[in-house]
Amino acid sequence: LIMAIKITDECINCGACEPECPNNAIYEGAQEWRFSEGTSLTGMVKPKSGGEYDADEPQEPVDYDVFYIVTDKCTECIGFHEEPQCAEVCPVDCCVADEDNVESEEELMSKKDFLHID
């Protein structure tokens with residue numbers, strides 16, 4: 001099984017991971033995020049995790065102290081790269097598998113297709 005990625009509190013806030021994410025799923029601590037950023041999503045969206053959101057509406061930060069990954073936007077780079085790019089570039093190895101969000105490769109590919117309409 002494959003999991004979404006999370007950033008641990010060992011993060012040194014260097015920001016190396018943020019520009020590497022093909023889904024724009026990584027944000028600086030305390031920064032609001034949007035479903036529309038770095039994706040094809042517009043209007044009202046229903047992520048797999050549930051709920052319904054306006055793609056352009058600012059969402060609450062997941063973390064206030066360190067960079068964070070929005071699980072609903074993380075595909076572990078499936079469909080883009082062989083390995084999660086955040087984990088590849090992190091100098092302190094704090095981009096790790098999120099045991100609370102286990103998804104199959106098919107689920108991650110379907111999330112990629114949801115985020116990016118060709």
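Predicted model: local features only at pLDDT ≥ 70, side-chain atom pairs only at ≥ 80, totals over all residues.
User: What about Phe-35, buried or exposed?
Analyst: Phe-35 comes out at 1% relative accessibility. The cut-off for buried is under 20%, so Phe-35 counts as buried.

User: How many aromatic pairs does the structure hold?
Analyst: Ring pairs link Trp-33, Phe-35 and Tyr-53 into a cluster. Tyr-27 and Tyr-68 also pair up. The total number of aromatic pairs is 3.

User: Are the rings of Tyr-27 and Tyr-68 stacked or tilted?
Analyst: Their centres are 5.9 Å apart and their planes sit at 25 degrees. Planes under 30 degrees apart count as stacked, so this pair is stacked.

User: How many residues apart in sequence are the parts that Tyr-27 and Tyr-68 tie together?
Analyst: Both Tyr-27 and Tyr-68 are buried. Tyr-27 lies in strand S2 and Tyr-68 in strand S5, so the pair ties together parts that are 41 residues apart.

User: And Phe-35 with Tyr-53, stacked or tilted?
Analyst: Phe-35 lies in the loop between S2 and strand S3, while Tyr-53 is in strand S4. Their ring centres are 5.3 Å apart, with planes at 35 degrees, so the pair is tilted.

User: Which residue has its charged end over the ring of Phe-80?
Analyst: A charge sits over a ring only within 6 Å of the ring centre, among other limits. Here the charged end is 5.3 Å from the centre of the Phe-80 ring, and it belongs to Lys-112.

Technical notes:
Residues numbered from 1 in each chain as written. Heavy atoms only, no water. Phe/Tyr/Trp six-rings, centres within 6.5 Å; stacked < 30°, edge-to-face > 60°. Helix = DSSP H or I, 4+ residues; strand = E, 2+ residues; numbered from the N terminus. Buried < 20%, exposed > 50% of the residue type's maximum accessible area, 1.4 Å probe, protein only. Lys NZ or Arg CZ within 6 Å of the ring centre and 35° of its normal.
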